[in-house]
Amino acid sequence: MAIRNVRTEGEDVLRMICKPVSEVNDGTRRLIGDMYDTMYATDGVGLAAPQIGVVKRIVVIDDREGHKFALINPKITAKSGTQRSCEGCLSLPGYRGEVDRPQEVTVEALDEYGEPITLHAKDFLAVICCHELDHLDGILYKDLAVNYERV
Ligand code: ZN
């Protein structure tokens with residue numbers, strides 16, 4: 001496993017629509033291992049594949065409160081409520097902004113072994129899920145932020 005370079009704003013890969021993963025295999029799991037390594041090395045709570053230059057629908061999340069998982073081809077299938085919170089992004093270093101997100105989301109995905117999983121996330125975990133899934137469609141939180149400022 002390895003720590004990869006995190007791509008920052010201005011690089012085209014952050015604005016691409018990522019491709020679904022058609023087969024979950026050892027290569028997928030190696031990529032996910034690198035994504036975890038990179039996320040932990042940069043002290044993040046989530047990382048999407050395009051942030052390391054890979055145009056695939058994969059994210060890893062660890063909210064540091066016991067919720068750690070890789071999501072392959074994730075889709076939000078239900079959402080409710082709203083919350084506003086401060087977000088940052090490894091790809092937008094030195095900035096932060098407040099974003100309105102659902103209070104709760106249901107996410108369906110495959111895990112790193114290709115098994116279907118359903119995740120019910122709320123509060124901070126819901127924010128992370130929304131933020132990371134947006135990356136797979138080329139959306140950065142600054143696009144949605146009600147304010148965006150240098151830290
Ligand atoms: Zn981000």
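**Exercise 1. Find which residue stands opposite Lys75 in β6.**

Step 1: Locate the strands, which are DSSP runs of E with at least two residues, numbered from the N terminus. Strand β3 covers residues 68-80, and β6 covers residues 104-110.

Step 2: Check the pairing, which requires at least two DSSP bridges between two strands. Here β3 and β6 run antiparallel and share six bridges.

Step 3: Read across to β6, and you reach Glu108 opposite Lys75.

A word on the model: it is predicted, so local features need pLDDT of at least 70 and side-chain atom pairs pLDDT 80 or more, while totals for chains, interfaces and linings use all residues. Residues are numbered from 1 along each chain as its sequence is written, and side-chain values use heavy atoms, without hydrogens and water.

**Exercise 2. Describe how β2 meets β3.**

Step 1: Strand β2 (residues 58-62) runs antiparallel to β3, with five bridges joining them. One partner pair is Ile58 with Ile72.

Step 2: Five residues separate the two strands of this hairpin, and Arg64 in the turn has a positive phi of about 65°.

**Exercise 3. Work out which residues coordinate the zinc ion.**

Step 1: Look for donors, meaning N, O and S atoms within 2.8 Å of the metal (3.2 Å for Na, K and Ca); water is not among the atoms, so sites may look incomplete.

Step 2: You find Cys89 (SG), His131 (NE2) and His135 (NE2), at 2.0 to 2.2 Å. Their spacing along the chain is C-x41-H-x3-H.

Step 3: Cys89 sits in the loop between β4 and β5 and His131 in helix α2, so this pair ties together parts 42 residues apart in sequence. (A helix is a DSSP run of H or I with at least four residues.)
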